[in-house]
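Here are my notebook entries from a sitting with this model. Have the viewer open and follow along.

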Number of protein chains: 2
Amino acid sequence: MAKNQKLVKDITAMDVDFAKWYTDIVKKAELVDYSSVKGCMIIRPYGYAIWENIQKYLDAKFKETGHENVYMPMFIPESLLEKEKSHVEGFAPEVAWVTHGGSEELTERLCVRPTSETLFCEHYARIVQSYKDLPKLYNQWCSVVRWEKTTRPFLRTTEFLWQEGHTIHATAEEAEAETVKMLNVYADFCENVLAMPVVKGRKTEKEKFAGGVRTYTIESLMHDGKALQSGTSHNLGDNFAKAFGIQYSDKDQKKQYVHETSWGVTTRLIGAIIMVHGDDEGLALPPRIAPIQTVIIPIAQHKEGVLEKAEELRERIAKVARVKVDSTDKMPGWKFSEYEMKGVPVRLEVGPKDIENNQVVLVRRDTREKEVVSMDDLEVRIPQLLEEIQTAMFERAKAHRDENTFVATNLDEFKEIAENKPGFIKAMWCGDLECEEKIKEVAGTSSRCMPFEQEEVSDVCVCCGKPAKSLVYWGKAY
Amino acid sequence: MAKNQKLVKDITAMDVDFAKWYTDIVKKAELVDYSSVKGCMIIRPYGYAIWENIQKYLDAKFKETGHENVYMPMFIPESLLEKEKSHVEGFAPEVAWVTHGGSEELTERLCVRPTSETLFCEHYARIVQSYKDLPKLYNQWCSVVRWEKTTRPFLRTTEFLWQEGHTIHATAEEAEAETVKMLNVYADFCENVLAMPVVKGRKTEKEKFAGGVRTYTIESLMHDGKALQSGTSHNLGDNFAKAFGIQYSDKDQKKQYVHETSWGVTTRLIGAIIMVHGDDEGLALPPRIAPIQTVIIPIAQHKEGVLEKAEELRERIAKVARVKVDSTDKMPGWKFSEYEMKGVPVRLEVGPKDIENNQVVLVRRDTREKEVVSMDDLEVRIPQLLEEIQTAMFERAKAHRDENTFVATNLDEFKEIAENKPGFIKAMWCGDLECEEKIKEVAGTSSRCMPFEQEEVSDVCVCCGKPAKSLVYWGKAY
């Protein structure tokens, strides 16, 4: 069995080489395959099933909060991309350009959308006349392209899948409320479904969205102490409205510019799940997002009645959980390893002796704890166990995050932590770009966010010693 | 009210200009908006909601039949596209080429996928080793691009949404069974959900998929007597397997090529719904696909208790149907027209007098028949009525199709029908490309399919008079 496990797994230990551990998992848990298209990934069935679950939860939440789905073209004419000046400066260096259709050269180049603000704006300008037409709360599920030099599956790829919400409102207040509301939808989703604690906060001017007014973010901490920006929500103010002429007549028939937001999460969330919950045995999926929540492994399946019992249990459990039987002719030990690698939260073993005793063995993926359970109790015990695992995974991730969040009150302290203790660094900041850049230069960390939950860990800027304006989370980031 | 209706609707009558009628509907029912990207459409919330319902039904059916979803890159390197010779010949003239990433020129051009056989093949070649790995039953929901000269929303656009199934099998028989099975899934979906009768059959060699062995199709007849290819399923044989080297070891350890299929339906189905069921009042949606199945219009809604009652009914009906209340401050007559235009199957009117009498008025979109129903019976009557409408819409479409299907036994007859009676023409064919081309030339009709249900309407070819091999449906097509 030890040999089998070696064969199935054969993954680099996390402590030896975290990056290699990560790519081993994405390949060996069959989440992705590489393609001959540089920087693009193939999302395999098991990886895509995770994305489908993410979509299902979030899409329902978007609809509950009044949003409607639409589909915009994947191409943006160069002249349209250029309409909002800081937006084009932010994105033009990294877009893919279509120059030919069939055998003809196009009169105007088209970029493959890196994000769709410009398309939504053009559409909104055409369909909005009156305050009665507002708000428009649209969302789109699609893929976007950003020409990346170095790529890593899920974390940074030339093409990735995402959703992009784009809304317009009559007032600045409503747009701000929407921006924060959607950030909270993301935060709740990450914490409650992905069992991943996040820090909610605002991005600095340096790190905000190209063309926006304010960017909010949720930041999470990976196993290796690096931060991952896991979702962002932008208040675009009336910048785009002015560039694209999106106006409405208010109740007094006066023309007003709309206020706009955009927000998105991507397949990067799958990378976050891997790096928050995975271990040296492979992936570990929080039950609420796992495509398979319980896998049934028949033991001595050639013996009479074993496969029939496994199938009977599957039918019963299917009413309370996503369940699968693996009745292929591999050895049970091999299967144990395979589903550990794939991060299935609960394994159910059932063999001739179990059947005799009207019991099964349940094994948790997260702690590897075993329990023997009466077959009569499965419909109760399995959902309960899945909830226990969900909670425990969140608590463990939170403890890890908290243990690896440090406070620095001066630059030496900051540098020392940044060098020796991978994690978040909480430190006060004066608000000056210069200090933000200097911290990046001397410690290699970027500002992750100014958290909504402010504390005063000191009263002066960690860099310049002048009066502090805000607490900032800093870190090395993916 | 007549004036209001004029304002809301203002659509060209079908008999005056069918093409204009069609584009009026897609615009005024708010299904699409045009974008500044030539040939690409914006699918608005109401149009996209129809697509989401199509996806929901089909995706469930694909999963029931053992298929898994994946995601492939949107780009195909030129060298990969060229691997299967007749495939590249079929598609290269109509692809969009990416030549630059950011500011750099690419060393190899990438095309935006027009279809993804080549990507699936490359992946399959890498992941399949043994007969135990077969079959692979994959599907992908995505958008594809084909550089079209003349476009029309849903029917022919440069970019469109679709699903593409790609499967590989150990034997030719299994691949053939899969190809036919998926065609039947499409046919059942069109008939049972879209209320659209289809002719199932096989494409001629001339009309088959570039690189495939056999193409099956479902063909439906539009209001104007033109045919619409509504879904296709291709048996690719081992053509692609040989070009891409997709081999497996069979039970005797011998290398064998896999047998492959691909199949797809697109947003074109929305065009079909419009042209099969729509009328001069606008869109008419079959209940099973309608985003809103029942719209509640409060009458004299400023009067006490009306809006409350409307909301109370909405909550009750929501348990049995997709329902919405329109309580905006437009006049009821305006709303009637608006939801007729949008094709909502049932309108429920409720005003002070109805409340007094504990009743509501139900109005069918398809026949405009009214009935007065006790409020107590709504949970029973509405689902029943929706089913009645669904059946009636199918029967009407079928009657139209049958009335406009003609038989020709010689070329003069054929030409006369093609000129004067828009519809399907059933006629025998010898199997020669020459006759197929001649029929196209003299009558302007293409072969739609050789139907599974063969009849012998004559024993000689309608064109050359030689012995006939097959009955063929011919028609002018979108």
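**Entry 1: a helix pair in chain A**

I began with helix α14 (residues 411–420) of chain A and helix α15 (residues 433–443) of chain A, which pack at an angle of about 45 degrees with their axes 10 Å apart. For the record, helices (H or I, at least four residues) and strands (E, at least two) are DSSP runs numbered from the N terminus. Axes are lines fitted to C-alpha atoms, for helices over the stretch in contact, and angles run from 0 to 180 degrees between N-to-C directions. α14(A) and α15(A) are therefore oblique to each other; under 35 degrees would count as roughly parallel, over 145 as roughly antiparallel, 65 to 115 as roughly perpendicular, and the rest is oblique. I noted the crossing of α14(A) and α15(A) as right-handed, meaning that the near helix is turned clockwise from the far one by less than a right angle, with anticlockwise being left-handed.

Which residues meet here? On the α14(A) side I found A:L411, A:F414, A:K415 and A:A418, and they meet A:K438, A:I439, A:V442 and A:A443 in α15(A); contact means heavy atoms within 4.5 Å. By class I have 6 nonpolar, no polar and 2 charged residues in the contact of α14(A) with α15(A). Ala, Val, Leu, Ile, Met, Phe, Trp, Tyr, Cys and Pro count as nonpolar, Asp, Glu, Lys and Arg as charged, and the others, Gly among them, as polar.

**Entry 2: ground rules**

A reminder to myself: this is a predicted model, where local features need pLDDT of at least 70 and side-chain atom pairs count only at pLDDT 80 or more, while totals for chains, interfaces and linings use all residues. Residues are numbered from 1 along each chain as its sequence is written, chains are lettered from A and ligands numbered from 1 in the order in which they are written, and side-chain values use heavy atoms, leaving out hydrogens and water.

**Entry 3: α2 and α9**

Next I looked at helix α2 (residues 18–28) and helix α9 (residues 268–277) of chain A, whose axes come within 11 Å and cross at roughly 120 degrees. I logged the crossing of α2(A) and α9(A) as right-handed. A:F18, A:W21, A:Y22, A:I25 and A:V26 of α2(A) make the contact with A:G271, A:I274 and A:M275 of α9(A). That contact holds 7 nonpolar, 1 polar and no charged residues.

**Entry 4: how the chains relate**

I laid chain A on chain B with an RMSD of 0.0 Å, by a turn of 180 degrees and a shift of 0.0 Å along the axis. That is the relation of a two-fold axis. The C-alpha of chain A nearest the axis belongs to A:V98, 2.1 Å from it. The superposition is by least squares on the C-alpha atoms of residues with pLDDT of at least 70 in both copies.

**Entry 5: the interface**

How many residues of chain A are in contact with chain B? I have 56, against 56 of chain B. The area buried between the chains is about 4,400 Å², with carbon and sulfur atoms giving 59%. Buried area is the accessible area (1.4 Å probe) that two parts lose on being put together, summed over both. A:P45, A:Y71 and A:M74 supply 14% of what chain A buries against chain B, more than any other three residues.

I found a cis peptide bond joining A:L134 and A:P135, with omega about -5 degrees. A:P135 sits in the loop between α6 (117–127) and β7 (136–145) of chain A. In chain B, the cis bond between B:L134 and B:P135 has omega of about -10 degrees.
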